[in-house]
Amino acid sequence: MEVRIQGIHFDVTEQLTQFINKKADKLSRRYPSIDYIEAVLTVLKPETSMNKQARLKVIVPHDGEQVATKVADSFEEAIDLCLEAVERQLEKNKAKK
């Protein structure tokens, strides 16, 4: 499984990278068919609270891709919200089969 992390207009810290990789590993253990995870992190303007946006794209062969975009106070919180949404999408696809 490949994990790609991209920060738009800022540098992603090592701590944030480790957090995302840890969450991606946990998700891939639950859904071993996941091939690729992409996290795109953006700081929204104006710079107030709730200005951290995370977009998570998960690609599963033969199931297509699941995408979730969330906004929160911190990138960690936004990633957690995205992961919850993607897990719900993966469960729905699993139930359809």
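Okay, a definition to start: a residue is buried when its relative accessible area is under 20%, exposed when that area is over 50%, and partly exposed in between, using a 1.4 Å probe and protein chains only. By that rule asparagine 51 is buried, because its relative accessible area is 6%.

Some housekeeping before the tour. This is a predicted model, so local features need pLDDT of at least 70 and side-chain atom pairs count only at pLDDT 80 or more, while totals for chains, interfaces and linings use all residues. Residues are numbered from 1 along each chain as its sequence is written, and side-chain values use heavy atoms, with hydrogens and water left out.

Back to asparagine 51, then. You'll find asparagine 51 in the loop between E2 and E3. Those names come from DSSP runs, numbered from the N terminus: helices are H or I runs of at least four residues, and strands are E runs of at least two. What does asparagine 51 touch, if we skip residues up to four places away in sequence? Thr42, Val43, Leu44, Pro46, Val71 and Ala72. Contact here means heavy atoms within 4.5 Å.

Methionine 50 has a phi near 60°, a positive value in a residue other than glycine. It counts as partly exposed, at 44% relative accessibility. Histidine 62, in the loop between E3 and E4, also has a positive phi, near 70°, and isn't a glycine. Histidine 62 is exposed, with a relative accessible area of 82%.

Now pick up threonine 42 from that contact list. Threonine 42 sits in strand E2, and it is buried, with a relative accessible area of 18%. Leaving aside neighbours within four places in sequence, threonine 42 is in contact with Ile8, Phe10, Asn51, Lys52, Gln53 and Phe75.

Isoleucine 8 belongs to strand E1, residues 2-8, and at 25% relative accessibility it counts as partly exposed.

On to helix H2, residues 75-96. At 1.5 Å a residue, its 22 residues should span 32 Å, and its end C-alpha atoms are 32 Å apart, which agrees. That expected span is 1.5 Å times one less than the number of residues. Which residues of H2 are buried? They are Phe75, Ala78, Ile79, Cys82, Leu83, Ala85, Val86, Leu90 and Asn93. As a reminder, an α-helix has 3.6 residues a turn, so residues three or four places apart point the same way. The buried residues of H2 pack against helix H1 (14-30) and strands E2 (36-43), E3 (52-60) and E4 (64-72).

That takes us to the nonpolar core, meaning a set of buried Ala, Val, Leu, Ile, Met, Phe, Trp, Tyr and Cys residues joined through side-chain atoms within 4.5 Å. The largest one has 24 residues, and Leu27, Ile34, Leu56, Val58 and Ile79 touch the most other members. H1, E2, E3, E4 and H2 each supply at least two residues of this core, and H2 gives the most, with eight. Isoleucine 79, leaving aside neighbours within four places in sequence, is in contact with Phe19, Ile20, Ala39, Leu41 and Ala54.

Is any space left inside, and how many cavities of 30 Å³ or more does a search of the whole structure find? One. A cavity is a set of points, on a 1 Å grid over the protein atoms alone, where a 1.4 Å probe fits but cannot get out; lining residues have an atom within 4 Å of a point. Points are joined across faces, edges and corners, and the volume is the space filled by probe spheres set on them. The largest cavity holds about 30 Å³. Its lining is Ile20, Lys23, Ala24, Ile37, Leu56, Ile79 and Leu83. H1 and H2 are the elements that give two or more residues to that lining, and H1 gives the most, with three.

Glutamate 14 is in helix H1 and is exposed, with a relative accessible area of 54%. Aspartate 25 is in helix H1 too, and at 39% relative accessibility it counts as partly exposed.

Definitions and conventions: On a 1 Å grid over the protein atoms alone, a cavity is a set of points where a 1.4 Å probe fits but cannot get out, and a pocket is an open set with protein on both sides within 12 Å along at least five of seven lines; lining residues have an atom within 4 Å of a point.
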